[in-house]
Amino acid sequence: RAIRNGSDNDIYVMIGGTRTFFYKYSISGNSWTSLTATPGNIDNGSAMIRNATDNDIYVLQGNGTGFYKYSISGNSWTGSATSNLTSVPASVNYGGQMLRNASDNDIYVLQGNSATGFYKYSISGNSWTTLAVVPGAVYLGGTMLRNGADNDIYVLRGDNNTSFYKY
């Protein structure tokens, strides 16, 4: 997984395959820097997001309930394995997704793993809310997006399924 926001000069990269490697690539410097390892192994269903100018990157571990926050300025992690950051309510795996819209205080997570779990994490409250389940199981290839102009989230189930849902 990799992430870059806006005009940043850096790309942040997690290496999956049950590894904890985490790197930063400088576009202008054409160079790689090894960063502090993730608190847990990154696996199937992992995801990461960053919002615009935030100092933090949020990470789903995948193949489990691990949920982490990386401080860019501190090169340090907090998360369910290392601090009081609350774990995801259910194991996230293939088809697991995460999104955050603009500067919202909330992060939305699809469980994937041939399940229908759908959750909202409050950044300020460090708490999870279980939302209405997805009408059909989400698996590999499942995804979601949110239109900044409204509050709707659109979900595709994946796994060669054409079902499309709006939350």
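Predicted model: local features only at pLDDT ≥ 70, side-chain atom pairs only at ≥ 80, totals over all residues.
1. I27 sits in the loop between β3 (22-26) and β4 (31-34); strands here are DSSP runs (E, at least two residues), numbered from the N terminus. Leaving aside neighbours within four places in sequence, I27 is in contact with R4, D8, N9 and I11, contact being heavy atoms within 4.5 Å.

2. Residues are numbered from 1 along each chain as its sequence is written, and side-chain values use heavy atoms, with hydrogens and water left out.

3. Next, please look at D10, in strand β2 (residues 10-14). D10 is buried yet has no salt bridge, and K24, the nearest side chain of opposite charge, is 4.2 Å away. A salt bridge would need a side-chain nitrogen of Lys or Arg within 4 Å of a carboxyl oxygen of Asp or Glu. Not counting residues up to four places away in sequence, D10 touches I3, R4, K24, Y25 and S26.

4. How many aromatic pairs does the structure hold? There are 17, counting rings of Phe, Tyr and Trp (its six-membered ring) with centres within 6.5 Å; planes under 30 degrees apart are stacked, over 60 edge-to-face and the rest tilted. Y25 and W32 form a tilted pair, 4.9 Å centre to centre with 50° between the planes. Y25 is buried at 18% relative accessible area, whereas W32 is exposed at 54%.

5. The rings of F67 and W128 have centres 5.1 Å apart and planes at 70°, so this pair is edge-to-face. F67 lies in strand β7 (residues 67-71) and W128 in strand β12 (residues 127-130), so the pair ties together parts 61 residues apart in sequence. Both F67 and W128 are buried. Elsewhere, ring pairs link Y12, F22, Y68, Y70 and W77 into a cluster.

6. Finally, three strands form an open antiparallel sheet in the order β13-β14-β15, where strands pair if DSSP finds at least two bridges between them. β13 (143-146) and β15 (161-166) stand at the edges with a single partner strand each, so one side of each has no neighbour in the sheet. Four bridges join β14 (residues 153-158) to β15, and Y154 has K166 as its bridge partner in β15.

Definitions and conventions: Buried < 20%, exposed > 50% of the residue type's maximum accessible area, 1.4 Å probe, protein only. Lys, Arg positive; Asp, Glu negative; His and termini not counted.
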